[in-house]
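Me: I would like to go through a protein model step by step. Please show it here.

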Amino acid sequence: LPDIKGREEILAIHARNKPLAEDVDLAQVARSTAGFAGADLENLLNEAALLAGRRDLPAINMALLNEAVIKVIAGPEKHSRVIPEHERRLTAYHEAGHAVVMHALPDHDPVHQITIVPRGQAGGMTISLPDEDRSYLSRSYLLSQIVSLLGGRAAEQLILGDISTGASNDIQRATSMARKMVGTYGMSDRLGTVAFDAGHDEVFIGKSMAQTRPYSEKTAAEIDEEISRIIGEAYARCLAILEENRARLVTVAEYLLAHETMSAADFETVFTDNAEKME
């Protein structure tokens with residue numbers, strides 16, 4: 001995948017025959033598209049051009065490029081879908097929970113956009129984008145990712161007094177990340193610097209994954225316990241963050257219910273204004 005310099009050069013190539021507004025900063029777009037392949041960047045410029053055409057704008061501006069980034073990441077908005085009000089409220093608090101937790105974690109990527117407009121299979125989403133490319137991921141960064149993934153479920157429990165199936169993908173991703181920390185990256189103090197994954201060992205016909213597992217049942221149980229501990233501690237940290245920031249959580253959720261989408265600037269403004277009132 002291209003690095004930040006490569007992404008800026010690819011964007012410049014695909015932007016050559018497209019009218020760009022004066023506010024367009026391809027270097028900034030390159031910074032916000034870590035992990036994009038060349039085809040993704042081409043698609044991004046094409047989507048921005050289509051958006052400009054649909055809105056009768058003479059040139060592609062920065063707002064359209066930011067919108068196109070989200071569209072490439074998450075798919076088109078589904079404005080035609082009718083959402084019951086109780087689901088909108090649940091989604092707003094779920095996404096606000098993610099955003100507030102992300103903001104409170106020093107090792108987490110900054111919040112880029114929050115929305116309760118459905119896209120793809122998601123009823124809403126909170127998107128955080130890195131400020132820089134990363135070759136390696138630290139343990140503290142991975143733990144922050146797990147904590148933020150559980151922020152939606154924690155907000156549902158804290159504010160609504162119930163939990164929903166909407167957090168299922170978050171939980172799967174958090175569990176998978178914790179499993180890799182323990183079994184692949186050797187990041188467990190309890191189990192030590194050992195990789196327990198089978199790696200590229202072949203699974204022969206007639207043999208199950210359990211039969212080819214290169215460690216004992218006792219170790220398997222310890223791995224499961226360690227994964228549960230990581231997830232449990234992350235969830236407790238989530239609840240503590242949201243308890244401390246309950247007023248801010250409510251403010252962000254109510255903003256989403258009123259406006260549906262919140263940019264990074266809107267989030268920072270609402271969050272900061274609420275913080276000043278609390279002081």
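What follows is a set of questions and answers on the sheet, the helices and the pockets.

Me: What kind of model is this, and how are its residues numbered?
Reply: This is a predicted model, in which local features need pLDDT of at least 70 and side-chain atom pairs count only at pLDDT 80 or more, while totals for chains, interfaces and linings use all residues. Side-chain values use heavy atoms, with hydrogens and water left out, and residues are numbered from 1 along each chain as its sequence is written.

Me: How many helices and strands does the protein chain have?
Reply: Helices (H or I, at least four residues) and strands (E, at least two) are DSSP runs, numbered from the N terminus. Along the sequence they give the pattern α-α-α-α-α-β-β-α-α-α-α-α-β-α. The protein chain has 11 helices and three strands.

Me: In what order do the strands lie in the sheet?
Reply: Two strands count as paired if DSSP finds at least two bridges between them. E1 and E2 are joined by four bridges, and E1 (residues 111-115) and E3 by three. The pairing is antiparallel, and the open sheet has the order E2-E1-E3.

Me: Why is one side of E2 and of E3 left without a neighbour in the sheet?
Reply: The sheet is open, with the order E2-E1-E3. Strand E2 (125-128) and strand E3 (261-263) are at the edges, so each has a single partner strand.

Me: Which residue of E3 is the bridge partner of Gln113?
Reply: On the E2 side, Gln113 stands opposite Ile127. Ile114 stands opposite Met262 in E3. For Gln113, the bridge partner in E3 is Ser263.

Me: How many residues of E1 are buried?
Reply: Buried means under 20% relative accessible area, exposed over 50%, and partly exposed in between (1.4 Å probe, protein chains only). Across the 279 residues of the protein chain, 41% count as buried. E1 is mostly covered, and the number of its five residues that are buried is four.

Me: At what angle to E3 does helix H10 run?
Reply: Axes are lines fitted to C-alpha atoms, for helices over the stretch in contact (heavy atoms within 4.5 Å). Angles run from 0 to 180 degrees between N-to-C directions. Helix H5 (residues 85-104) lies across E1 and E2, at about 25 degrees to E2. Helix H10 (residues 246-259) lies across E1 and E3, and its angle to E3 is about 120 degrees.

Me: Which element supplies the largest share of the lining of the largest pocket?
Reply: On a 1 Å grid over the protein atoms alone, a pocket is an open set of points where a 1.4 Å probe fits, with protein on both sides within 12 Å along at least five of seven lines; lining residues have an atom within 4 Å of a point. The lining of the largest pocket has 46 residues, with Met125, Thr126, Leu149, Asp170 and Arg173 nearest its centre. Helix H4 (62-74), H5, E2, helix H6 (139-149) and helix H8 (168-183) each give at least two residues to this lining. The largest share, eight residues, comes from H5.

Me: How much space lies in the second largest pocket?
Reply: A volume is the space filled by probe spheres set on the grid points, which are joined across faces, edges and corners. The 18 residues lining the second largest pocket include Gln28, Ser32, Asn66, His112 and Ala264, which lie nearest its centre. The space in the largest pocket is about 1,400 Å³. For the second largest pocket, the value is about 370 Å³.
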